[in-house]
Amino acid sequence: MNGTTTLTVGGLLAAVLVLVANLRPWWKGGREGKMLAAFGKGLLAAICAAACPGGILGWTHHHAATVANRAGQRTSDATAGTSSVNGLTTGQLVGLSATGAAVVIVTVFLISLAYKDASKKDKRRIVGGAFVGSTFTLTAGVAGALVWLPGALNGVGDSVVSAVQSSGLL
């Protein structure tokens, strides 16, 4: 993987701006859960992909920092005239097994199908959620808060395999 896993202050700024842009209509519009559904789908896909150590999902996750860092640096330079290239403490989700990976793949696949059927506005929200989720999971705080996720994904995958085997389908 040639992407960076180090998020800068500028990268965090870019993710926060996208987060605010998605939360603002929800806040002003009655705060109904369905208003955040599209954003949440993208967020869920990115958080699951953050547990992937490689492959296309891992590659995409690691390259989110590069995109965020560049966008945030340009935004900070243009609007405030200051540099925001200081790196933040990084975090990483580890421990995904083959069965957990299958759960991640199915989850991301289902969200990609939802993306395909979404309106133009919801497509942007799904992408925004994926960007925010992928960027935030590169920080030590969010990765630390989600340290349980790979184990949970592995547990779901193991349970499905066990249920299928005990039913005699495999």
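1. Contacts across the sequence. In this predicted model, 82% of the contacts in the protein chain with a separation of 6 or more are made by residues 24 or more positions apart.

2. Secondary structure and overall form. The protein chain contains 7 helices and 0 strands, and its pattern along the sequence reads α-α-α-α-α-α-α. The radius of gyration is 17 Å, close to the 15 Å that the globule rule gives for 170 residues, so the protein chain is as compact as a globular protein of that length. The C-alpha trace spans about 65 × 35 × 25 Å along its principal axes.

3. Burial and surface. Buried residues make up 37% of the 170 residues of the protein chain. The accessible surface amounts to about 9,400 Å², and 65% of this area belongs to carbon and sulfur atoms.

4. Helix 2 and its surroundings. Which residues does helix 2 span? Helix 2 covers residues 37-50. From its first C-alpha to its last, this helix of 14 residues reaches 20 Å, close to the 20 Å expected at 1.5 Å a residue. Its buried residues are A38, F39, G42, A45, A46, I47, C48, A49 and A50. The cover over these buried residues includes helix 1 (9-28), helix 3 (55-80) and helix 4 (98-117), together with helix 5 (120-136) and helix 7 (149-167).

How values were computed
Residues are numbered from 1 along each chain as its sequence is written. This is a predicted model: local features need pLDDT of at least 70, side-chain atom pairs count only at pLDDT 80 or more; totals for chains, interfaces and linings use all residues. Side-chain values use heavy atoms; hydrogens and water are left out. Helices (H or I, at least four residues) and strands (E, at least two) are DSSP runs, numbered from the N terminus. The radius of gyration is taken over C-alpha atoms; the globule rule is 2.2 Å times the number of residues to the power 0.38. Buried means under 20% relative accessible area, exposed over 50%, partly exposed in between (1.4 Å probe, protein chains only). Contact means heavy atoms within 4.5 Å. Accessible areas come from the Shrake-Rupley method with a 1.4 Å probe; for residues, only the protein chains shown count as cover. The expected span of a helix is 1.5 Å times one less than its number of residues.
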